[in-house]
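Dear colleague,

I am handing over the structure we spoke about, and below it you will find my notes on what was found. Please read them with the coordinates open beside you.

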Amino acid sequence: MDIVLEARGLTKRYGDFVAVDRLDLTIRRGEVFGLLGPNGAGKTTTILMLLGLTEPSAGSVQVLGLDPARQPLSVKARVGYLPDQVGFYDTLSARENLAYIARLNGLNRKEAGARIEAALTKMGLEEVMDKAVGAFSRGMRQRLGLAEILMKHPELIIMDEPTLGLDPEAAREFLEIIRDLRSEGITIMLSSHLLHQVQAVCDRVGLFSKGKMVLEGPVDVLAREVLGGGYHITVEAEGDAGLEAALSEVEGVQRVQRAGPNRFVLETTGDLRPAVARAVVEAGGQLLALASEAPNLEEVYARYFQKEANHARAA
Amino acid sequence: MLAQRSTPASGAAAATRREGSPWTGLWAVVSKEMADYLSSTRMLILELITVLTAAGTVFTATAQLRETVGQDRFLFLRLFTTSQEPLPAFVGFLVFLVPIIAIALAFDAVNGELNARTMSRLLAQPIYRDALLLGKFLASLFTLALVLTTIWLLIAGLGLLRLGVPPGGEETARLLWFLLLTIAYGAVWLALGMLASILFRQPATAAMAALATWLFFTVFWGIIAGILAQILRPVRIGLPAELLAQAQLEQALSRLSPNVLYTEATIALLRPEVRSLGFVLPSQLQGAILGAPLPLGESIMLGWPHMVGLIAGTLLLFALGYVLFQRQEIRA
């Protein structure tokens, strides 16, 4: 797979404050990459540097094989950027707003017209195409922002907090759109602090803290690293007191918690349902229900920062 | 000067030129901004104000001028310069109307985009900031020129109707120069308004700052220039040389104000009998026929430094705004 975006030792300083500290990042074609971290961790600054909208203090960036600081026009023509809290000219219609951007991209009128209609239709805005944007909801604006990007036929889309401020339904729709784009082979990088949403769409995530990328990889790999597994298995079984002990002896089970009279929650390194079922039966219990839950990014995140805090206290 | 941008990054990056023309997308910006201006309510209000003053002053001026039709070679120019209590002459109105129009057009050029959160979307397109800023400036300049030209034609038309005398060739030429001068005067205030819109995030603050500057030059600068001249060139014994030095310094200082430059140049263009904008000693007037008009070329030469001064002021303010805008980090 070829590399769409590569950053090496990327650093941004504002006076003494280091906003981004020696960031290394590689994104391959067709990937959805999630940049995670609390507010103020340096996510937006990183994105601005990747786009050439602000100059790095040190380090290098290659986007689509180009340096955004030296060839900003080529980079910006091929990369779509959806800023957080995207704004439009409220008095102009959706179509007029996009027409201006199309002109800035050097598209001729005919080509632009066709692309605008296609993009707006794809985003479900064909009904309101000629309405002033002032009356649009947040979700519609967000989709209009995405329509603007699609109109450019980008190879890479960078989104900053795309689901922030959307109601749950609009957020879900938006994530659906991201999945669609991914299936079309467009590379996407998005930043967010809403972890469950990121987990739902990202192939790989990077955890950002105080300007540093502290963890990076697919969600399940991270879960194994940080949580030592991160799977949760809920067992409902009737049996004697030996059941709990039997469950904790299953290989790969890290912790057993009693969640009710006949309920146990196991923390495991993987999906161990068959082994757990066997253990219950072998211990003479009656298995009533068994459910497994994949690792949760939120937990990875919480656990990681908890560990960090403990380290800091110990040191 | 405008095409280069300093890159604070590593030496290698600073040495390379930027890719492509800095003016990519310039005309897209200009046409969009002009369309915005021309359809805005703000524009309508400004046009109403100016048309009212134009009509008002022309009607009073023509009422006076009709008495003297046929006696004056430059009758048409008088349309612009004749005042009748309580209304000042049209040029007198322009001195303070043009800055207000210009500031009203430019005060939210940059911060308006920031507040509407459209700026980062714009800058993510394949254009440079150069094109955005210059495009906005040109759009406001063209709009201002359009308004001023309309009013100019309106006055000429009203004058034709009311006076019944068409303007001569030289008068037309003088009036065209006057129009150009007025646009140059407006450009200074446009550049100032735009600078304020870069400096201040709130459009209201930017408008207030620009208007305060205008007020300063309109009301206070003349007074300050007088006081400064008295301090720097005091009249100790009362020699004519001392008086002259003080008056000359006062005039030089007062010319830092665009209002003064515009007024003086207007006088040179629209009152052909004016031979000098500075001080004339009786000895220098020997052999002169007082009241005889200067040829057009000479009148233009008289106001030329003022015009150049106005253009230089515009460039200076624009360049300052340009540097600040290039360094601004756009996060929203």
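**A covered strand and an open sheet**

In this predicted model, strand E5 (residues 79-82) of chain A is covered on both faces, with Val79(A) and Tyr81(A) buried on one side and Gly80(A) and Leu82(A) buried on the other. E5(A) runs parallel to strand E6 (residues 156-160) of chain A, to which 4 bridges join it, and within E6(A) the bridge partner of Leu82(A) is Met159(A).

Elsewhere in chain A, 3 strands form an open sheet with antiparallel pairing, in the order E2-E1-E4. Strand E2 (17-28) and strand E4 (58-63) of chain A stand at its edges, and because each has a single partner strand, one side of each is left without a neighbour in the sheet. Neighbouring strands of this sheet are turned by 15 degrees against each other on average, direction ignored. Strand E1 (residues 3-14) of chain A pairs with E4(A) over 5 bridges in the antiparallel sense, and Gln62(A) in E4(A) is the bridge partner of Glu6(A). Across E1, E2 and E4 of chain A lies helix H1 (residues 43-51) of chain A, which runs at about 120 degrees to E1(A).

As to confidence, chain A has a mean pLDDT of 89, with 99% of its residues reaching 70 or more.

Methods:
Residues numbered from 1 in each chain as written. Chains lettered and ligands numbered in written order. Predicted model: local features only at pLDDT ≥ 70, side-chain atom pairs only at ≥ 80, totals over all residues. Heavy atoms only, no water. pLDDT = per-residue confidence, 0-100. Buried < 20%, exposed > 50% of the residue type's maximum accessible area, 1.4 Å probe, protein only. Helix = DSSP H or I, 4+ residues; strand = E, 2+ residues; numbered from the N terminus. Pairing = 2+ DSSP bridges. Axes fitted to C-alpha atoms, helices over the stretch in contact; angles between N-to-C directions. Contact = heavy atoms within 4.5 Å.
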